[in-house]
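This briefing covers how the parts of one protein chain are arranged and how they meet. The sequence and structure come first, followed by the notes.

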Amino acid sequence: MKKINSFAEYKDWYQKSVEHPQDFWADIAETFTWKKKWDSVLDWDFKGPNVKWFDGAELNITENCIDRHLAEKGDQTAIIWEANDPDTEHKKVTYKELSVQVNKTANALKSLGVKKGDRVCIYMPMSLELSYTVLACARIGAIHSVVFAGFSAKSLADRINDATCELLVTADGFTRGSKYIDLKAIADEALKSCTCTKNVLVLKHSGKSVNWQEGRDVWYGDIVDKQSDVCPAETMRAEDELFILYTSGSTGKPKGVVHTTAGYMVYAEYSFRNVFQYNQGDMYWCTADIGWITGHSYIIYGPLLAGTTTIMFEGTPTFPDAGRFWQIVEKYKVNIFYTAPTAIRALQAKGLEWVEKYDLSSLRVLGSVGEPINEEAWQWYHTNIGKGKCALVDTWWQTETGGIMISPLAGLTKEKPTFATYPLPGIQPMLVDADGNEIKGNGVEGNLCVKFPWPSMIRTTWGDHERCKQVYFSTYENKYFTGDGCKRDEDGMYRITGRVDDVINVSGHRIGTAEVEDAINSNDAVVESAVVGYPHDIKGQGIYAYIIADRKIDNLEAFAAEIRSSVTSEIGALAKPDKIQVVQGLPKTRSGKIMRRILRKVAEGVTDQLGDTSTLLDPTVVDNIVQTKDLVN
Ligand code: WTA
């Protein structure tokens, strides 16, 4: 695949992508291995929404991730696995070995009765076998639904049931940082409420003993090892579903975002190559977890499509110490490093001594993703990690967009701290006002929409197309609405200012306030709750919960611990409130709507400029909230 080589070329590509989108994408798609070429490049309407890319084409994405590299790159390392514990030996697999493992795993799935179109839930630690399983699903046309291995049994069960997954693939357990996670036990708990799941494939990862259900549970190694290493790649149509990934929105339960085969594939490699300016032979490391979209698109699919060596890291930035990331960069001479602002801020807080111990001279490109990067973190990353000489790409995108949408192209686009800068060729962002009117020109601010389809866009929400339409395509007519606020400066550069809906971005993880409230309300003593985000030095946003209890709370600490434990068991530890305040009432309008604007202000520590409170049913509620001392940090 050709890549953009200068900013002038970027502008040419961009212009072509807007004027002749079909020719533009057909050129890019040419470079893939197709079993059959497409009849039409794009058919679309955003009313449905009904979007088809490369309709009529047939392919298998794993032939593009693996088979097509075997002749020239068979002996090149495809994936390096680095364990949580630095004393555990790392593992490397070449493209040839990856092919063998993926084919065997695919045959194992088949032998368990998994067929094209079936859903497979993957709830695993960051292990090589997680990548094999993802690719094995794609090999046989099963739809993978990866659930981050930090979600609770209840969240796992909801996701398994929503997609009626035939098979669950999990592991005995694993250690993240210094904490052991008994994954099989959580999976067992979840499966008590899932009747759709016939088998559980269990990877022996930690070696700890687990409960076993005969007839249902199967050891991964036992079944995979005895399979043939040849599994013909299933013929998939362009719009056949590739995967489901659940993500939180402003209302109700998480939605299963559906991505389809051809468009996702084309955009994953295209965006990977251009944003990071990948050169053959580069060592590439994205620190995300495969439980999130960043791991799907930029640990597995994008890098493997481009024939890269991609590093998978099981651990955390600060275990056993705050030098862990930089030690790995030195160890593998990483050229391209992609992480989240929350990790940067956490490491910044630990001081430079951890950075200075290691040789970071291999680095050429740094990336940031998941949340707005503040100026201070941007400068620290640029100066101390990039030594002022690396390109720094602040990449804006979403689970729903499938790939990076707005970002500098490393080394080609002039950077501006905190700005994601310009859209990739093929992406047509627009800002709208509250009524959906386009805000034209520069030096403006509004809600970020996209007005034209791109290949890796969301196609539907699993099992509920109407929801997809309502959430993304109905707020503003005939546009995809991102849920983000955005500025466009005098140079036409974009800066994402954060969510404008009730989604909190905690350490780069999307959490719906309604979900957290439901979890808190599951506690017997809770009458009502309201959850908002507030600025947090490390996490970007923290979770602040206002709770009305049905009794007098004498021991606030104990109550807070109980609330946190409810949230941990309903959702997962990632959604635990940072601050909990017991209040007498919540600020509501006469129609009963909670005025979150006021709660956000109080959570930020602003108590004097609360704005107009005259529409409140009972304005004294606010005084009570401001004055109360019943707060647990
Ligand atoms: C936020 C992660 C500012 C944004 C790939 C978006 C960002 C949400 C950036 C999607 C960025 C992601 N600058 N904000 N560079 N990248 N976001 O679905 O609010 O986990 O809507 O996808 O993260 O989160 P998601």
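Which domains does the domain assignment of the protein chain give? The assignment, automatic or from a database, gives domain 1 (7–469) and domain 2 (503–627). The model is predicted, so local features need pLDDT of at least 70 and side-chain atom pairs pLDDT 80 or more, while totals for chains, interfaces and linings use all residues. Residues are numbered from 1 along each chain as its sequence is written, and side-chain values use heavy atoms, with hydrogens and water left out.

**Placement and extent of the interface**

- Taken over C-alpha atoms, the centres of domain 1 and domain 2 are 32 Å apart.
- In contact (heavy atoms within 4.5 Å) are 23 residues of domain 1 and 21 residues of domain 2.
- About 1,600 Å² is buried between the two domains, and carbon and sulfur atoms give 48% of this area. Buried area is the accessible area (1.4 Å probe) lost when two parts are put together, summed over both.

- The rule finds 2 salt bridges across the interface of domain 1 and domain 2, each a side-chain nitrogen of Lys or Arg within 4 Å of a carboxyl oxygen of Asp or Glu.
- Arg-510 and Glu-400 form a salt bridge, with 3.0 Å between the closest N and O atoms.

**The side of domain 1 that touches domain 2**

- Helices H7 (153–162) and H13 (341–350) each supply at least two residues of this side; helices are DSSP runs (H or I) of at least four residues, numbered from the N terminus.
- H13 gives the largest share, 4 residues.
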